[in-house]
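Keep the sequence and the 3D view side by side.

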Amino acid sequence: MRNGLSSSLSVTERGYLPSEKFDDDGRIKRTGTYMSATAHIITAVIGSGVLSLAWCFAQLGWIAGSITLVLFSVITMFNSILLTDCYRSPDPVTGTRNYTYMDAVKSNLGTLQYKLCGVAQYGVLTGITIGYTTTTAISMAAINKSNCFHKHGHQADCRVHNNSFMVIFAVIEIILSQVPNFHKLSPISVIAAIMSFSYSLIGIGLSIAKIAGNGIGKTSLTGVPVGKDFSGMEKMWKTFSALGDVAFAYSFCFVLIEIQDTLKSSPPENKQMKKATATGIMASTVFYMLCGVLGYAAFGNDAPGNFLTGFGFYDPFWLIDIANICIVIHLLGAYQVLAQPLFGFVESSARKKWPQNKLVTKELSLCGIDINMFRLVWRTTYVIVTTIIAMIFPFFNDFVGLLGAGTFWPLSVYFPIEMYISQAKIPKYSFRWIWMQILSLACLIVSLVAAVGSTRGLITSVQSFKPFESVS
């Protein structure tokens, strides 16, 4: 294994001498801080899905909705903190660095689980970037529709095709994708994090205004009641789907190691990352709770899937436009945060396979910007392909829900727990080992249940699917 070196070896014994320019592994000195890591985490965790939490509360009700949010927050924070100790192996402070999530799995769990992890991690990252393409186009279209409704009235036919907006998004992403790695993404992440707070605050403010003007909507402790128009079976499917949405809303473990690899080594990376993780998840939970609770109170059991793009609000139209612009800017940055691990994996594999090929290894300087031909071609191709898939399958967000439900357990629960058990050498069948396995099993059951609900939603979308007719 790559981390077979003893943690007691000094830096010079490992063959590297740290300096003002280089870290103990011979790489250019990392400059990331607690603040930059927190920005990366918030950008990865708070997606536009925060605005669908009112719908989740409508399906789950006040009791289950609140409990679910808090529970997944605690589970995610616990597993993420375990994972921060796996950045270095075998010792969490002085061991050899694992540059990626997959490296950490390989060092602690072996080659087979490393390969399984790769399939899950890069599959879900690809799925999310396709989903972000669709979601951003919907927000762009919502701006167009908002202005149309303001000009022609709420009953006007303001439907627009999303494909042109996907092309605009793709062009911008092709440019942003030339940022070489996570280390250079901090400014983009900070802007994206500010945008996520901005549209969340706008959603919260609009909900409060609606409650002040119209009172609290029709709500209940258990969510949408079963009745003539809403069967018990339909209630079950919607509940399963809502569980999956909440679980996936907290998923960011699959980029945690890559974020941690941007941190400077003093104070120790795991200590900085634990602090950043706690801050990021707590901030996200506060906004999730406010959006879910206030959104449900405002709309009641009729809460839309997204009250900024689904037109739960029409006025003030200019504020709706600002909120959707913030969503677009946030997702432009979030796309990069989530795509970087995949970009890095392909490019490092290419360098290992063709170390003498100048197209793969040579960096050219253009107007002060480093350009690599392989990076330019590969990342441009990736953005184009994912955009085409988003155009062909406008219901891809349903598939992302299934992908998220299927990968929440392995990436956010199973691998972090198993790696920690291996690294901390926790005895099998000890008390700690048993309750960690119980937690893992419980999360597996939730993932399976959410996957079933997402599968039904996907089937429904496929049955009504018409290629290239992506209209909002």
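Arg27, Lys106, Lys115, Arg351 and Lys352 form a positive surface patch. Patches consist of residues with over 30% relative accessible area and no salt bridge, where like charges are joined within 9 Å and nonpolar side chains (Val, Leu, Ile, Met, Phe, Trp, Tyr) within 5 Å. Lys and Arg count as positive, Asp and Glu as negative, while His and the chain ends are not counted. Each charge is placed at NZ of Lys, CZ of Arg, CG of Asp or CD of Glu. Accessible areas come from the Shrake-Rupley method with a 1.4 Å probe; for residues, only the protein chains shown count as cover.

This is a predicted model, in which local features need pLDDT of at least 70 and side-chain atom pairs count only at pLDDT 80 or more, while totals for chains, interfaces and linings use all residues. Residues are numbered from 1 along each chain as its sequence is written, and side-chain values use heavy atoms, with hydrogens and water left out.

Arginine 351 sits in helix H10 (residues 317-353). Helices (H or I, at least four residues) and strands (E, at least two) are DSSP runs, numbered from the N terminus. Arginine 351 is partly exposed, because its relative accessibility is 42%. The classes are buried (under 20% relative accessible area), exposed (over 50%) and partly exposed (in between), with a 1.4 Å probe and protein chains only.

Now to the salt bridges. The whole structure holds 13 of them. A salt bridge is a side-chain nitrogen of Lys or Arg within 4 Å of a carboxyl oxygen of Asp or Glu. Aspartate 23 and lysine 29 make one, at 3.6 Å from N to O. Aspartate 23 is buried, at 2% relative accessible area. Lysine 29 is partly exposed, at 34%.

Aspartate 261 and arginine 30 make another, at 3.1 Å from N to O. This pair links distant parts of the chain, 231 residues apart. Aspartate 261 is in the loop between helix H8 (256-260) and helix H9 (269-299), and arginine 30 is in the segment before helix H1 (34-45). Aspartate 261 is buried, with a relative accessible area of 5%. Arginine 30 is buried too, at 3%.

Which partner does arginine 97 find in a salt bridge? The partner is glutamate 269, with the closest N and O atoms 3.1 Å apart. Arginine 97 lies in strand S2 (residues 96-97) and glutamate 269 in helix H9, so the bridge ties together parts that are 172 residues apart in sequence. Both residues are buried. Shared partners join Asp23, Asp24, Asp25, Lys29, Arg30, Arg88, Arg97, Asp261 and Glu269 into one network of salt bridges.

Stay in the loop between H8 and H9 for threonine 262. Threonine 262 is buried, at 4% relative accessible area. Its side chain reaches the backbone oxygen of isoleucine 259 at 2.6 Å. The loop between H8 and H9 also holds proline 267. A cis peptide bond joins serine 266 to proline 267, with omega about 0 degrees.

Proline 90 is in the loop between strand S1 (88-89) and S2. Most peptide bonds are trans, and most residues other than glycine have a negative phi.

Helix H3 (residues 101-109) is mostly covered, with eight of its nine residues buried. Among them are Tyr101, Met102, Val105 and Leu109. Glycine 110 follows H3 and has a positive phi, near 100 degrees.

Ile63, Ile67, Leu71 and Leu221 make a nonpolar patch of about 400 Å². Isoleucine 63 lies in helix H2 (residues 53-84). Isoleucine 63 is partly exposed, because its relative accessibility is 47%.

End in the loop between helix H13 (396-424) and helix H14 (431-463), where lysine 425 is found. Lysine 425 is not a glycine, yet has a positive phi of about 55 degrees. Lysine 425 is exposed, at 66% relative accessibility. Tyrosine 429 lies in the loop between H13 and H14. Tyrosine 429 has a positive phi of about 70 degrees, although it is not a glycine. Tyrosine 429 is exposed, with a relative accessible area of 59%.

Notes: A polar contact is a pair of N or O atoms within 3.5 Å; within protein, one must be able to donate a hydrogen and the other to accept it, and residues adjacent in sequence count only if both atoms are side-chain atoms.
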